[in-house]
Structures are given as structure tokens and as C-alpha cells.
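Subject: Structure handover

Hi,

Here is the structure we talked about. Please open it alongside this note. My findings follow below.

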Amino acid sequence: SVRAPAELLPVLVRLADVLKRLNRAEEEKAAAASQGHHQLLDPILTEEQALILELRGLEQRRLSVLKAAGLEQATVSQLLEQEDNEGKERLSPVFEELTQAAGRLRETKESADRILNVRLRQIQHISGLSGGPHYDEYG
């Protein structure tokens, strides 16, 4: 049986951490947008860009660790199946945390994007950016 390489665990732990930090940033972004605090958006977007770069780096690291072990095709559940009990106990909670963090981030991001889009339309409407009267909106 092929075991997950030892270097995989710290990479996964860091991945989960970055996903959680991204989730917090998305929540802050949604709050700032919904409260009309647009001056707060810039630093949050800058932080998000840094986190996304970190995420890409970790993702590449994860793939290269798996590749070196000939496991680049392996899914998370396949990796877990091949572990002994000790390995399962070590990896299982981290995989669980990663899956939850990724799911949460997806949901937060969707709702943040919705709020931002609504705010953007309001701003365009107020400042008349879309040019001319909005006949289409009033029929």
C-alpha cells in the first residue's frame, strides 16, 4: 500500500488555514460593502490577493509532494483508504477541516459577490454612470 508522504500533512494544515483566512476576508468584504464602507474594501482586496497567491503556492506544493510519491492522481478518499489506522487518525481531521473550510468559503464568496453586485448597481444608479434615463427599469 502507498502511504501519503509525511510532507503532505503540514501543507494541508496550511491550506486549511489560508482558506479560513480567505473566508474571514470575504465576510469582512461583504460587511464593508453592505454598510457602504467602500474605503475599507481596498485593504481587504489587497489581503485577499496575497492569500490567493499563498493558496496557489500551497496547491503547487501539495501537487509536487503527491507527484514525488507517484500519487498525483489519488483522491483524498483514496489516500485515506490506503493509510493504516494511525495514518487515518492523523490525516482524517485535516481532510475534514479542509473540506469544511472550502465549502464555507464557497458559500461566503457567493453571498459576498451578491452583496457587492447589488451595491455596485446602486452606486451606478445614484451616480448615473449607466448613462441616460433608465427606461428599461420603469417599463
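A term first: helices here are DSSP runs of H or I with at least four residues, numbered from the N terminus. Please keep in mind that this is a predicted model.

**The largest pocket**

α1 (8-34), α2 (41-68), α3 (76-82) and α4 (85-127) each put at least two residues into the lining of the largest pocket. Which helix gives the most? That is α4, with four residues.

The volume of the largest pocket comes to about 180 Å³. Its lining is made of 13 residues. Nearest the centre are Arg62, Val76, Phe95, Leu98 and Thr99. By class, the lining holds ten nonpolar residues, two polar and one charged.

**Salt bridges**

How many salt bridges does the structure hold? The count is eleven. As background, side chains of opposite charge can pair when their charged atoms come close. Three of these pairs are set out here.

*Arg3 and Glu83.* Their side chains form a salt bridge at 3.1 Å, N to O. Arg3 sits in the segment before α1, and Glu83 in the loop between α3 and α4, so this pair ties together parts that are 80 residues apart in sequence. Glu83 is at 3%, which is under the 20% limit, so Glu83 counts as buried.

*Lys109 and Glu26.* This salt bridge spans 3.9 Å, N to O, between the two side chains. Lys109 belongs to helix α4 and Glu26 to helix α1, so the pair ties together parts that are 83 residues apart in sequence. Lys109 is partly exposed, with 36% relative accessibility. Glu26 is buried, with a relative accessible area of 3%.

*Lys109 and Asp113.* The side chain of Lys109 also meets that of Asp113 in a salt bridge, at 3.5 Å, N to O. Both residues lie in helix α4. They are four residues apart, about one turn of the helix. Asp113 counts as partly exposed, at 29% relative accessibility.

Which residues join into one network? Salt bridges with shared partners link Glu26, Lys29, Glu48, Lys109 and Asp113.

**Thr108**

Thr108 is also in helix α4. Is Thr108 buried or exposed? Its relative accessible area is 11%, which is under 20%, so Thr108 counts as buried. The Thr108 side chain makes a polar contact of 2.6 Å with the side chain of Asn23. Leaving aside residues up to four places away in sequence, Thr108 touches Asn23, Glu26 and Glu27.

**Ala74**

Where is Ala74 found? Ala74 is in the loop between α2 and α3. Its relative accessible area is 22%, which falls between 20% and 50%, so Ala74 counts as partly exposed. Ala74 and Ala4 are 70 residues apart in sequence. In space, they are 9.7 Å apart, C-alpha to C-alpha.

**In brief**

- Pocket: about 180 Å³, with α4 giving the most to the lining.
- Charges: eleven salt bridges, including Arg3 with Glu83.
- Network: Lys109 and Asp113 are among the residues joined by shared partners.
- Thr108: buried, with a polar contact to Asn23.

Best regards

Definitions and conventions:
Residues are numbered from 1 along each chain as its sequence is written. Side-chain values use heavy atoms; hydrogens and water are left out. On a 1 Å grid over the protein atoms alone, a cavity is a set of points where a 1.4 Å probe fits but cannot get out, and a pocket is an open set with protein on both sides within 12 Å along at least five of seven lines; lining residues have an atom within 4 Å of a point. Grid points are joined across faces, edges and corners, and a volume is the space filled by probe spheres set on the points. Ala, Val, Leu, Ile, Met, Phe, Trp, Tyr, Cys and Pro count as nonpolar, Asp, Glu, Lys and Arg as charged, and the others, Gly among them, as polar. Buried means under 20% relative accessible area, exposed over 50%, partly exposed in between (1.4 Å probe, protein chains only). A polar contact is a pair of N or O atoms within 3.5 Å; within protein, one must be able to donate a hydrogen and the other to accept it, and residues adjacent in sequence count only if both atoms are side-chain atoms. Contact means heavy atoms within 4.5 Å. A salt bridge is a side-chain nitrogen of Lys or Arg within 4 Å of a carboxyl oxygen of Asp or Glu.
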